[in-house]
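User: I have a model open and would like to learn how to read its features. Could you walk me through a few?

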Amino acid sequence: MTILAINKRVFDGDEQSFYAFRSTFQCPSCGKEIVFCADDMSPIEDVDLASLPKGFEKKLNLRHRAGETFFENHKGLRSHAVQCSCNDCSARLMVVAGIGEVQPSRFNVVVEGIIVL
Ligand SMILES: [Zn+2]
């Protein structure tokens, strides 16, 4: 499994545009553009973490506080994930992004990285 650390803010806006927000990234295997929607993402603790490579959180600079089940980045944005597959090369991918409200009614999405499953 490959883990690509990206750490790039792809959205900064209000709640309404957040739900309609889509972003793209390049398939790490073939370079084709893949679209994902922030609204499709689930909290990473709801994903089958056993399917992710060991140490992914370290590679993506995510923190896991003692006694908590969630992960977050250094700015306190909670980690979310969505599984996608590439239409071209069929690679199975997990997009990990920090999503949250940074100020009242102002949302950010930071793509932390892509995991090739
Ligand atoms: Zn591909």
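User: Where is N61 placed?

Analyst: In this predicted model, N61 sits in the loop between α2 (56–59) and β5 (63–64). Its phi is near 60°, a positive value in a residue other than glycine.

User: Is N61 buried, exposed or partly exposed?

Analyst: The idea is to count neighbours: 20 or more other C-beta atoms within 10 Å makes a residue buried, and 12 or fewer makes it exposed. N61 has 13 of them, so it is partly exposed. Now try S90, in the loop between β7 and β8 (92–103): with 10 other C-beta atoms within 10 Å, S90 is exposed. S90 also has a positive phi, near 65°.

User: What about L77, buried or exposed?

Analyst: L77 is buried, because 22 other C-beta atoms lie within 10 Å. L77 belongs to the loop between β6 (71–72) and β7 (78–85). Leaving out residues up to four places away in sequence, L77 touches E72, G98, I99, G100, N108 and V110. The C-alpha atoms of L77 and V109 are 8.4 Å apart, although 32 residues separate the two along the chain.

User: How do I read the faces of a strand, and which residues of β3 are on the covered face?

Analyst: In a regular strand, side chains alternate between the two faces of the sheet. For β3 (residues 33–37), I34 and F36 form the covered face, while E33, V35 and C37 are on the uncovered one.

User: Which strand pairs with β3?

Analyst: β2 (residues 22–26) pairs with β3 in the antiparallel sense, over five bridges. In one of these, T24 has V35 as its partner. The two strands form a hairpin with six residues between them, and G31 in the turn has a positive phi of about 85°.

Technical notes: Residues are numbered from 1 along each chain as its sequence is written. This is a predicted model: local features need pLDDT of at least 70, side-chain atom pairs count only at pLDDT 80 or more; totals for chains, interfaces and linings use all residues. Helices (H or I, at least four residues) and strands (E, at least two) are DSSP runs, numbered from the N terminus. Two residues are in contact if their C-beta atoms, placed from the backbone, lie within 7 Å. Two strands pair if DSSP finds at least two bridges between them.
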